[in-house]
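Morning, everyone. Please look at the model while I talk.

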Amino acid sequence: MARNATNQTLKNARSSKSDEFYTVLSDIEKELKHYRQHFDGKTVLCNCDDPRISNFFHYFSYNFEKLKLKRLITTCYKNDNVDLFSQNQAEKAIWLEYFGDKNGNLVPDINEIGVKNLDGDGDFRSPECVKLLEQADIVVTNPPFSLFREYLAQMIKHDKKFLIIGTWNAISYKETFELIRQNKLWIGINSNRNFSGFIVPDHYPMHGSEARIDKDGRRMVSSNNTCWFTNMDNEKRHERLILYRNYDPVAHPDYDNFKAIEVGRVNDLPKDYDGIMGVPITFLDKYNPDQFEIVGSDYDVKTGRLSKLVKDGWLGKVDRAYLNGKRMYARLFIRKRRPIA
Ligand SMILES: C[S@@+](CC[C@H](N)C(=O)[O-])C[C@H]1O[C@@H](n2cnc3c(N)ncnc32)[C@H](O)[C@@H]1O
């Protein structure tokens with residue numbers, strides 16, 4: 001019930017296209033502390049962030065010196081909808097830049113922040129925002145969920161380092177998954193329940209037990225369906241998953257249609273099996289590219305990219321893996337990089 005409420009809430013965010021889910025500071029700090037080494041001397045861009053309320057702007061401006069940043073740029077989207085939480089009611093969208101503390105109080109004072117007007121509405125796709133993107137080394141934000149595909153495509157096109165929040169469902173978008181498969185994108189440190197929740201506007205419907213007013217009076221929704229996406233290295237990616245189980249043809253049965261075995265839980269991965277294994281998408285949270293190779297997904301079999309996985313002579317369905325006639329949940333196909341993990 002609670003899970004449905006949350007998924008429904010995120011679905012609402014996507015379908016309403018309002019995307020007004022605001023990130024709390026502690027969630028930003030909890031993730032960003034794992035990437036400190038990447039920021040020395042860098043220009044950071046937060047390009048979906050109203051500096052008046054964005055905790056991304058807050059985090060980077062207050063930690064500017066600690067992270068040894070060179071420059072912080074923030075662009076603010078102005079939407080026609082005056083109801084928006086971000087209250088973007090100013091005549092124009094703005095962008096601002098900060099070069100660090102000048103007066104020695106280590107606080108970003110208003111006179112140290114350059115606020116400038118944008119010609120357009122601050123859409124991250126607009127030429128003036130793309131110009132700012134080109135000046136950045138690293139982009140960090142929580143972009144609108146409904147524009148995630150376009151947002152990610154822009155990061156890749158402009159060859160940027162990034163750390164962004166998205167929904168867990170975005171993993172199964174074919175463009176996202178292909179980047180993950182090619183090791184050009186991975187999941188960050190915190191996901192799902194590790195997020196404390198998102199702040200939502202007053203008009204946002206508060207469904208079920210996942211919605212609450214927190215101790216500071218903020219309207220919050222929890223999320224069990226969110227993760228960080230990044231192309232910056234982190235320590236978790238290099239942790240080897242310890243495998244305990246031995247391969248057992250009963251516990252690890254062959255699929256009806258694919259040349260692979262079913263491993264329904266990441267904890268059940270066998271330590272002595274060198275062939276292809278089907279695993280749930282949650283595996284990505286434990287994925288170490290030195291230990292495992294991602295061969296593809298069931299979607300890749302369906303589209304023909306991974307047709308070699310279909311059993312010889314199989315004439316039945318290939319839309320998903322099937323086990324004893326039962327259609328499985330979405331599966332990734334992986335194999336160990338080394339014979340013994
Ligand atoms: C999920 S909210 C997150 C806000 C903020 N980054 C944070 O984490 O607190 C996404 C933000 O993107 C803004 N937005 C929506 N469409 C946009 C666009 N095309 N370009 C830039 N920002 C956009 C929304 O107004 C909203 O403030």
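The buried residues of α2 are covered by, among others, β1, α3, β8 (186-191) and β12 (226-230); contact here means C-beta atoms, placed from the backbone, within 7 Å. Helices (H or I, at least four residues) and strands (E, at least two) are DSSP runs, numbered from the N terminus. This is a predicted model, where local features need pLDDT of at least 70, side-chain atom pairs count only at pLDDT 80 or more, and totals for chains, interfaces and linings use all residues. Residue numbers start from 1 along each chain as its sequence is written.

Which residues of α2 are buried? In this helix, residues 25-32, they are D27, I28, E31 and L32. Buried means 20 or more other C-beta atoms within 10 Å of a residue's own, exposed means 12 or fewer, and partly exposed is in between, with C-beta atoms placed from the backbone. Viewed down the axis of α2, the buried residues fall within an arc of 120°, so they line one face; the arc is taken from the directions from the helix axis to the C-beta atoms. S26 and E29 are exposed, on the face turned away from the buried side.

Now the sheet. It is open, with eight strands in the order β5-β4-β3-β2-β6-β7-β12-β8 and mixed pairing; strands pair if DSSP finds at least two bridges between them.

Last, the ligand. It is surrounded by 22 residues, the closest being Y22, T23, C48, Y77 and N142; the criterion is a C-beta atom, placed from the backbone, within 6 Å.

Key
Two residues are in contact if their C-beta atoms, placed from the backbone, lie within 7 Å.
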